Amino acid sequence: MMQLSACIEWLFADEAKSVDARIRLARQAGLDAVEFWRWSDKDLDAIEAALRETGVSLSGFVAEPMIPLTDPANKDAFLEGLKRSVDVAQRLGARILIAQAGHDLAGRSRTEQRSALTACLSAASDVLAGYGVRLGVEPLNTRIDHPGYFLPSTSEALDIVDDVDRPEIGILYDLYHSLVMDEVPQDVLTGRVDRVIHVHVADHPGRQDPGTGGLDLKTPLKWLFDQGYDGRVGLEYRPAKGTTAGLAEVRNRLA
């Protein structure tokens, strides 16, 4: 059975202001995992208590600081922040951290920036080694949500992961971003599904509930699991009519 993880930055946000309250709502809705973005702006004590009380698991969150990893000058700052992020992950039981490459930097060639990103991820693997926490670099679409982002291509992200060649480093594969970029999931991921450490879904247009737009999410999800993906599917969408009201329909559409 597909394991779903609610991104509580958006899910349950209409129903509750605090993140710990959203965790409790996720449990009431029958979900056993949640995730969020930044950890530094949250009440970690309240989150830890809510996770313990409900038995909900924390899938993961963003590795901070969120700075361009395409700039070699940011490497040391990111690695120091990654150490703190790993500490939080250990405390809260998360096994996935998310990294974003950052914007395409003016005056720097793609070759230079890719080299800096690869070097940073390689060094990050040393920080992560032995903790049971993996870092997923995330391709994002540049057509709608993230113009100017350095890494819109899933294939290039996978090539970078292969260059790093460490088990601590993979990709976060977001079907919404990939399909908006007109990628064919079966083409870009064939033979490399094992590099995918987490999956996100949302529909287009509007980045809303799966099934409310024009994207076929069910077929590539089934293919991913048939190819051996065994992780969770993160629900990272803006609920069109409230999370609780639409969640049962979302589950049916993805199953």
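This is a predicted model: local features need pLDDT of at least 70, side-chain atom pairs count only at pLDDT 80 or more; totals for chains, interfaces and linings use all residues.
The protein chain comprises nine helices and eight strands. Its radius of gyration is 17 Å, close to the 18 Å that the globule rule gives for 255 residues, so the chain is as compact as a globular protein of that length. The C-alpha trace spans about 45 × 40 × 35 Å along its principal axes, and 54% of the 255 residues count as buried. Among the contacts in the protein chain with a separation of 6 or more, 76% are accounted for by residues 24 or more positions apart.

Interactions between aromatic side chains were examined next. The count comes to three aromatic pairs, including that of W10 and W37, whose ring centres lie 5.2 Å apart with the planes at 85 degrees, so the pair is classed as edge-to-face, the category for planes over 60 degrees apart. Because W10 lies in the loop between strand 1 and helix 1 (19–28), and W37 in the loop between strand 2 (33–35) and helix 2 (44–54), the pair ties together parts that are 27 residues apart in sequence. With a relative accessible area of 18%, W10 is buried, whereas W37 is partly exposed, with a relative accessible area of 29%. Another aromatic pair is formed by F36 and F61, which are stacked, with 5.6 Å from centre to centre and 10 degrees between the planes. Here F36 is placed in the loop between strand 2 and helix 2 and F61 in strand 3 (residues 57–62), so that this pair ties together parts 25 residues apart in sequence. Both F36 and F61 are buried.

Helix 9 (residues 243–254) has 12 residues and reaches 15 Å from its first C-alpha to its last, close to the 16 Å expected at 1.5 Å a residue. Within helix 9, the residues T243, G246, L247, V250 and L254 are buried. They cover an arc of only 125 degrees around the axis, which puts them on the same side of helix 9. An α-helix has 3.6 residues a turn, so residues three or four places apart point the same way. The cover over the buried residues of helix 9 includes strand 1 (4–7), strand 7 (196–201), helix 8 (218–226) and strand 8 (233–235).

Two further helical residues were considered individually. S178 lies in helix 6 (residues 175–180) and is buried, its relative accessible area of 3% falling under the 20% cut-off. When residues up to four places away in sequence are not counted, S178 touches T154, Y173 and E183. D163, which belongs to helix 5 (residues 154–164), is instead partly exposed, with a relative accessible area of 48%. Neighbours within four places in sequence being left aside, D163 is in contact with R114 and T118. The C-alpha atoms of D163 and H198, residues that are 35 apart along the chain, are separated by 19 Å.

Technical notes:
Residues are numbered from 1 along each chain as its sequence is written. Side-chain values use heavy atoms; hydrogens and water are left out. Helices (H or I, at least four residues) and strands (E, at least two) are DSSP runs, numbered from the N terminus. The expected span of a helix is 1.5 Å times one less than its number of residues. Buried means under 20% relative accessible area, exposed over 50%, partly exposed in between (1.4 Å probe, protein chains only). The arc is that of the directions from the helix axis to the C-beta atoms. Contact means heavy atoms within 4.5 Å. Rings of Phe, Tyr and Trp (its six-membered ring) pair if their centres lie within 6.5 Å; planes under 30 degrees apart count as stacked, over 60 as edge-to-face and the rest as tilted. The radius of gyration is taken over C-alpha atoms; the globule rule is 2.2 Å times the number of residues to the power 0.38.
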